Amino acid sequence: MKKTYKIEVDCANCANKMEDAAKHTDGVKDCTVNFMTLKMIVDFEDGVDPKTVMANVVKNCKKVEDDCEIYL
Amino acid sequence: MSKKQKKMLIRIIASVGLFIVASLIPSTGIVRFILFMIPYLVVGYDILIKAIKGIINGQVFDECFLMAVATVGAIGLAIMEQSGDYTEAIAVMLFYQIGEWFQSYAVGKSRRNISELMDIRPDYAHIEIDGKLETVDPDEVEVGTVIVVQPGEKVPIDGVIIDGNAALNTAALTGESLPREVGIDDEVISGCIDMDGVLHIKTTKAFGESTVSKILDLVENASSRKSRSEDFISKFAKIYTPTVCISALFLAVVPPLFTLMVGSGDPLWHQWIYRALTFLVISCPCALVISIPLSFFAGIGGASKAGVLVKGSNYLETLSKVNTVVFDKTGTLTEGVFEVNAIHHNTMDADQLLEYAALAESASNHPISKSIQKAYGQTIDRCRVSQLHETSGNGIVAVVDGHEVAVGNSKLMVSKNIDYIDCHSVGTIIHIAIDGTYQGHIVISDRIKPTAKQAITALKQSGIKKTVMLTGDNRKVADNVAKQLGLDQVYSELLPGDKVNKVETLLSEQQEGKLAFVGDGINDAPVLGRADIGIAMGAMGSDAAIEAADIVLMDDDPLKISKAIRISRKTLAIVYENIVFAIGIKLVCLVLGALGIANMWLAIFADVGVMVLAVLNAIRALFVSKL
């Protein structure tokens with residue numbers, strides 16, 4: 001299942017770091033962060049609850065880039 | 001300018017002012033230190049906070065950390081040397097922030113430009129209730145509802161006009177500036193702008209399924225498919241920053257220690273630490289990381305302005321390497337509108353023959369069948385037809401009014417053991433046999449698109465080595481079209497499955513470069529998928545094309561193919577320029593820094609200057625009108 005979220009981040013490298021952090025979150029099969037359109041497309045693993053997974057994604061992203069925002 | 005940008009701009013200006021004041025006041029020692037620390041902290045406090053947070057979270061190599069270490073280090077050196085020269089530390093922080101500000105401004109600006117370009121999303125629909133117009137959310141309009149579109153409004157949902165006529169501006173969808181005249185019974189596509197008349201449109205699709213929604217979805221997700229250049233850069237950035245940081249550490253420690261061990265004099269700690277700090281300033285990978293996706297984004301935006309939708313940066317990259325273009329004939333190089341031109345060798349009345357043919361073909365949607373039905377011109381009573389049997393690529397056998405009617409090409413006649421008379425005219429020949437007896441043939445021909453020849457010439461001029469045409473049509477027609485257009489190779493009389501095989505053969509013959517297939521998307525979906533890159537033409541309204549193709553040309557103009565290729569090449573050229581330029585300057589500055597030739601000022605240029613130039617260069621990809 002794929003979902004798209006709007007994000008707020010200032011630099012392109014930070015966007016890449018967010019992508020990496022999200023990819024390594026449990027329950028996330030794949031993730032693409034598009035800095036130009038400020039969007040995060042998350043592909044969830046089957047049978048997980050996107051809400052709980054996204055809470056962890058936000059936590060992990062905040063770790064690598066404090067100044068980022070994901071609009072759930 | 002966003003709120004954040006405004007705040008940053010004020011901080012930058014304030015810091016510059018305070019810095020000038022500090023420089024003008026003659027002071028020494030602790031007073032001087034405090035005077036200079038005010039502008040430093042004004043412009044850089046957030047970087048220092050972020051650096052500390054980064055360390056806590058184990059993110060040591062981020063740019064805030066680098067800037068914090070470089071500037072704090074420079075201040076430390078100034079204190080130790082008692083030179084009181086804090087200028088460099090403040091300048092590094094200041095220029096870094098100016099660079100960041102510029103980057104965010106430029107990216108925001110191009111983001112807005114491109115989204116304005118694609119601003120075709122209709123916000124509302126009008127429906128008439130008891131003679132009054134009501135404004136509703138287009139999402140809530142059910143299929144079959146009659147909507148009203150007034151002059152100046154966007155058509156919100158695909159449908160058919162039931163009342164009124166108008167000129168439609170399709171520029172946002174096709175890049176075509178000439179308005180299109182529409183009237184009753186014409187299909188209209190959402191996203192067009194009604195220029196002069198009131199239209200009553202019966203919707204044929206839901207909003208989510210309408211052309212405009214599909215296109216927006218496609219474009220918004222376009223740059224999410226990353227190209228190899230983008231992958232390369234993000235991998236490079238991951239290695240580059242740590243490498244430079246570790247080198248900086250070595251540079252600061254190893255040469256002085258070596259001097260100490262050899263015992264040949266002063267270890268020059270200050271000098272080496274200063275050189276290491278310049279390294280840290282250069283090490284920020286932002287110029288690279290921002291300019292590559294920005295170039296692709298601008299390229300995709302520029303292409304959509306020209307009526308070419310590209311589904312991802314990777315496709316733009318592949319398109320730039322295309323040297324073979326394979327075309328489908330019907331609907332791509334020709335109009336796909338067939339007309340009955342002549343009826344030959346008929347013993348029975350021509351109109352009656354046409355009637356039999358039209359009845360037999362009544363169930364088919366093939367353009368040729370439709371042209372026969374159109375030439376017949378009367379309503380077809382399907383009850384007269386039974387036992388329909390269609391052989392793909394050959395024709396149809398059906399029972400009409402109790403007679404067995406076979407309508408199709410020469411292969412069908414051969415398979416039914418019927419003697420047929422070949423035709424000398426150029427066109428698609430449809431033979432007709434009734435109850436096993438040959439009754440003559442119908443000549444149907446298609447028009448070549450007015451821009452087709454120009455399109456092939458333009459492709460050759462832009463360095464395409466091979467142009468190939470595939471068609472299910474007969475050899476005579478195919479050869480004639482190919483000769484008129486100047487195509488290199490033709491393969492005719494292909495069944496739909498043969499086209500895939502042919503493309504596979506061509507792919508295996510391909511030594512270098514990529515192969516593009518251009519089709520109208522109606523029955524080419526497998527071929528579009530099989531080629532290195534699939535280009536669908538005339539996508540307005542054809543869902544299959546939008547799904548199967550990698551690149552969609554919004555109008556039927558084959559001339560757009562060469563334009564798309566030129567846009568892709570320009571974008572890729574910019575991408576390579578940026579990669580070489582940014583990496584090159586950084587490496588040169590690193591070497592100069594290690595040798596002690598480059599000072600902090602040059603390092604700032606290598607970081608911020610390169611980024612600004614790379615961003616400006618990337619934005620060039622947006623301008624495609626002269627290509």
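Domain bounds here come from an automatic or database domain assignment. Keep that in mind as you open this predicted model and start with chain B.

**Stop 1: the domains of chain B.** Select residues 125-213 of chain B and colour them: the assignment calls this stretch domain 1. Now give another colour to residues 335-447 of chain B, which are domain 2. Taken over C-alpha atoms, the centres of these two domains of chain B are 38 Å apart.

**Stop 2: where the chains meet.** Next, show chain A as well. The contact between the chains draws 15 residues from chain A and 18 from chain B. Stay on the chain B side and pick out α2 (29-56), α4 (87-117), α7 (228-262) and α9, the elements of chain B that each give two or more residues to the side touching chain A. Which of them gives the most? That's α9(B), with six residues.

**Stop 3: a pair of helices.** Zoom in on α9 of chain B (residues 286-305) together with α1 of chain A (residues 12-23). Their axes come within 8 Å and cross at roughly 80 degrees. Angles of 65 to 115 degrees count as roughly perpendicular, so that is how α1(A) lies to α9(B).

Now show side chains. On α1(A), select A:A12, A:N13 and A:N16; on α9(B), select B:C286, B:V289, B:I290 and B:P293. These residues make the contact between the two helices. What classes are they?

Definitions and conventions:
Residues numbered from 1 in each chain as written. Chains lettered and ligands numbered in written order. Predicted model: local features only at pLDDT ≥ 70, side-chain atom pairs only at ≥ 80, totals over all residues. Axes fitted to C-alpha atoms, helices over the stretch in contact; angles between N-to-C directions. Helix = DSSP H or I, 4+ residues; strand = E, 2+ residues; numbered from the N terminus. Parallel < 35°, antiparallel > 145°, perpendicular 65-115°, else oblique. Contact = placed C-beta atoms within 7 Å.
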